[in-house]
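Here is a short report for a first look at this structure. Keep the sequence and the 3D view at hand while reading.

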Amino acid sequence: MRYETSQAFEADLRKLTVEERRLFRDVVLTAFGPGCDAHVGAPGARWPTRLRVKPMRGAPGVFEMTWSVAGPDGRATWDRHRLASGDPCIRWRRIGGNAIFGQP
């Protein structure tokens, strides 16, 4: 799966600690990426439970996930779209704690 990032995501990412960025990257590699691959092959496939992936209320087409519960409050929002080549892509929109949900 290909990924893109919004300017808001990039600004949020710079505010995270090195450890928070590492946690997010590890979750994307070990759980989120494989979950995306499963959805491309079978759109009704279940996401890994630990990610708590769900559509955001009041923001059509935007999804939220949890990348950390025990340490920092780690949340991220994203949407799906297609690249110019037609390939599916995830665009990361925001990252941080619950505060990001105000402007997903």
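## The sheet

How many strands form the open sheet, and in what order? The model, which is predicted, has five strands in the order 1-5-4-3-2. Their pairing is mixed. Strands of a sheet pair through backbone hydrogen bonds, either parallel or antiparallel.

Which strands stand at the edges? They are strand 1 and strand 2. Each has a single partner strand, so one side of each is left without a neighbour in the sheet.

## Around the edge strands

Strand 2 (54–55) pairs with strand 3 (residues 62–68) in the antiparallel sense. Two bridges join this pair. Lys54 stands opposite Glu64 of strand 3.

Helix 1 (residues 7–15) packs on the sheet. This helix touches strand 1 and strand 5 (88–96). The directions of helix 1 and strand 5 make an angle of about 45 degrees.

## A nonpolar patch

Tyr3 is found in strand 1, which covers residues 2–5. With Met1 and Val40, Tyr3 makes a nonpolar surface patch of about 240 Å². Why does Tyr3 count as partly exposed? Its relative accessibility is 31%, and partly exposed lies between the 20% limit for buried and the 50% limit for exposed.

Most residues other than glycine have a negative phi. Arg52 is not a glycine, yet has a positive phi of about 50 degrees. Where is Arg52 found? Arg52 is in the loop between helix 2 (18–41) and strand 2. Arg52 counts as partly exposed because its relative accessibility is 43%.

Terms used:
Residues are numbered from 1 along each chain as its sequence is written. This is a predicted model: local features need pLDDT of at least 70, side-chain atom pairs count only at pLDDT 80 or more; totals for chains, interfaces and linings use all residues. Side-chain values use heavy atoms; hydrogens and water are left out. Patches are made of residues with over 30% relative accessible area and no salt bridge: like charges are joined within 9 Å, nonpolar side chains (Val, Leu, Ile, Met, Phe, Trp, Tyr) within 5 Å. Accessible areas come from the Shrake-Rupley method with a 1.4 Å probe; for residues, only the protein chains shown count as cover. A salt bridge is a side-chain nitrogen of Lys or Arg within 4 Å of a carboxyl oxygen of Asp or Glu. Helices (H or I, at least four residues) and strands (E, at least two) are DSSP runs, numbered from the N terminus. Buried means under 20% relative accessible area, exposed over 50%, partly exposed in between (1.4 Å probe, protein chains only). Two strands pair if DSSP finds at least two bridges between them. Contact means heavy atoms within 4.5 Å. Axes are lines fitted to C-alpha atoms, for helices over the stretch in contact, and angles run from 0 to 180 degrees between N-to-C directions.
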